[in-house]
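Have the viewer open as you read.

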Amino acid sequence: MLIISVISVNTIAPIIVGMERGFSKENYMETLKIIPFMWVIVVLLVRLVADH
């Protein structure tokens, strides 16, 4: 679960921010600030979906 969540967060968050603001190094660095929160959300969602 850890591997899947890390891969998901490290690909989905930068792609979403890149689509909204354009792909650049500055926007990617901004995304790195969001990643810890996104990781927690992904883990919780995976736990909820996997348990049912």
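Val49 counts as exposed because its relative accessibility is 64%; exposed means over 50%, buried under 20%, and partly exposed in between, with a 1.4 Å probe and protein chains only. You'll find Val49 in helix 2. Its C-alpha atom sits 18 Å from that of Ile12, 37 residues away along the chain.

A word on the source: this is a predicted model, where local features need pLDDT of at least 70, side-chain atom pairs count only at pLDDT 80 or more, and totals for chains, interfaces and linings use all residues. Residues are numbered from 1 along each chain as its sequence is written, and side-chain values use heavy atoms, leaving out hydrogens and water.

## Helix 2, end to end

Helix 2 covers residues 25-51; helices are DSSP runs (H or I, at least four residues), numbered from the N terminus. At 1.5 Å a residue, its 27 residues should span 39 Å, and the end C-alpha atoms are 38 Å apart, which agrees. The expected span is 1.5 Å times one less than the number of residues.

There's a kink of about 45° at Ile34, shortly before Pro36. That bend is the angle between axes fitted to the seven residues ending there and the seven starting there.

## What's tucked away

Which residues of helix 2 are buried? They are Asn27, Thr31, Ile35, Val42 and Val43. Helix 1 (2-21) is among what covers them, going by contact, meaning heavy atoms within 4.5 Å.

Technical notes:
Helices (H or I, at least four residues) and strands (E, at least two) are DSSP runs, numbered from the N terminus.
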